[in-house]
Amino acid sequence: MITTTAMLRNWLRHAAALIHEHRELLTELDCTLGDGDHGLNLDRGFVAIVGTLTHDTEMSADKVLHEAGIRLIANVGGASGSLYAAAFCSAAQAVAGHQSLQAADVLTLMRAFRDGISTLGSAKAGDKTMLDALNPAVTTLDTALMRGRTLSAALHSAAAAAQAGAAATMPLVARRGRAVYVGEHARGHQDPGATSAALLVLAFAEVM
Ligand code: ADP
Ligand code: MG
């Protein structure tokens, strides 16, 4: 079985590739709803994460995620840098001491990742934030595993739910973050943070 550390490294590398691939879309969405920095900032943060993974090949599973959080704080300006850093640091605690991840551990990890963001940002469902992608991902993963689906199938369902959750932010007015300032003009535009969060869940599903 693949070790937790190797799996998490694969996740972060693949997430970096997906964020890089979608950086212009993320920035474009943030131009409408915020200040247009989301894609480029996150891309810079994930490039720094990949640099750390390459430089330090001996990290434990929790250190891998904790370092990812530190790199995001240092390299991503804006709300998403702190929020994703909180997510990775919270997820780090969830995997500490695990040599391999069982399905229930993956659910705990994803829940901790989501909780890191909700604890720091205090957003609720429907506020037009990252949580609108992460909440359905966690719920779907939980339900799919309870129904006896394989972890891979459950994660792919979670990724689809995250993507649907991101798309469902389109008609909403924002109640958190910079998009609050555009008020009603937020309607008709997908939230950039929910979009990047869905990419992180997709990256996870694709490497498992
Ligand atoms: P900034 O708005 O500071 O420029 P980014 O553009 O990097 O930061 O990220 C914007 C995204 O951050 C939003 O699309 C939203 O999903 C997310 N966000 C902002 N505030 C919160 C919050 N309190 N809780 C969860 N997510 C939030
Ligand atoms: Mg921004």
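Thr 4 is found in helix 1 (residues 4-21), where helices (H or I, at least four residues) are DSSP runs numbered from the N terminus. The structure is a predicted model, in which local features need pLDDT of at least 70, side-chain atom pairs count only at pLDDT 80 or more, and totals for chains, interfaces and linings use all residues. Residues are numbered from 1 along each chain as its sequence is written, chains are lettered from A and ligands numbered from 1 in the order in which they are written, and side-chain values use heavy atoms, with hydrogens and water left out.

With a relative accessibility of 1%, Thr 4 counts as buried; here buried means under 20% relative accessible area, exposed means over 50%, and partly exposed covers the values in between (1.4 Å probe, protein chains only). A polar atom of the Thr 4 side chain lies 3.0 Å from the backbone oxygen of His 98, a polar contact being a pair of N or O atoms within 3.5 Å, for which, within protein, one atom must be able to donate a hydrogen and the other to accept it, while residues adjacent in sequence count only if both atoms are side-chain atoms. Ser 100, placed in the loop between helix 5 and helix 6, is 96 residues from Thr 4 in sequence and 4.7 Å from Thr 4 in space, C-alpha to C-alpha. Whereas Thr 4 is buried, Ser 100 is partly exposed, with a relative accessible area of 26%.

The surroundings of ligand 1 are considered next. The ligand is surrounded by 20 residues, of which the closest are Asp 35, Ala 79, Ser 80, Asp 191 and Gly 193; a residue is taken as near if one of its heavy atoms lies within 4 Å of the molecule. By residue class, this shell divides into seven nonpolar, seven polar and six charged residues, where Ala, Val, Leu, Ile, Met, Phe, Trp, Tyr, Cys and Pro count as nonpolar, Asp, Glu, Lys and Arg as charged, and the others, Gly among them, as polar. An oxygen atom of ligand 1 has a polar side-chain atom of Asp 37 at 3.0 Å, and a nitrogen atom of the ligand lies 3.0 Å from a backbone N or O atom of Gly 121. A polar backbone atom of Met 130 is 3.1 Å from an oxygen atom of ligand 1. Of the 570 Å² of accessible area that ligand 1 has on its own, the protein covers 93%, with areas computed by the Shrake-Rupley method with a 1.4 Å probe.

The space taken by ligand 1 is the largest pocket, a pocket being, on a 1 Å grid over the protein atoms alone, an open set of points with protein on both sides within 12 Å along at least five of seven lines. Two or more residues of the shell around the ligand are given by each of helix 5 (78-95), helix 6 (103-121) and helix 9 (192-207), and the largest share, four residues, comes from helix 5.

Helix 9 also holds Ser 196, which is buried at 0% relative accessibility. A polar atom of the Ser 196 side chain lies 3.1 Å from the backbone oxygen of Gly 193, a residue listed among the closest to ligand 1. In helix 6, Leu 107 is likewise buried, with a relative accessible area of 9%, and its C-alpha atom is separated by 8.7 Å from that of Leu 145, 38 residues apart along the chain.

The loop between helix 6 and helix 7 (131-146) contains Ser 122, which has a positive phi of about 55° although it is not a glycine. Lys 128, found in the loop between helix 6 and helix 7, has a phi near 70°, a positive value in a residue other than glycine. With regard to accessibility, Ser 122 counts as partly exposed at 33%, whereas Lys 128 counts as buried at 1%.

Two further loop residues complete the description. Ala 168, in the loop between helix 8 (151-167) and helix 9, is partly exposed at 45% relative accessibility, and lies 26 residues from Ala 194 in sequence and 9.6 Å from Ala 194 in space, C-alpha to C-alpha. Met 59, in the loop between helix 3 (38-55) and helix 4 (61-75), is buried, with a relative accessible area of 6%; the C-alpha atoms of Met 59 and Phe 46, 13 residues apart along the chain, are separated by 17 Å.

Technical notes. 1 Å grid on protein atoms, 1.4 Å probe; cavity = no way out; pocket = protein on both sides within 12 Å on 5 of 7 lines; lining within 4 Å. Sits in = over half its atoms within 2 Å of the grid points.
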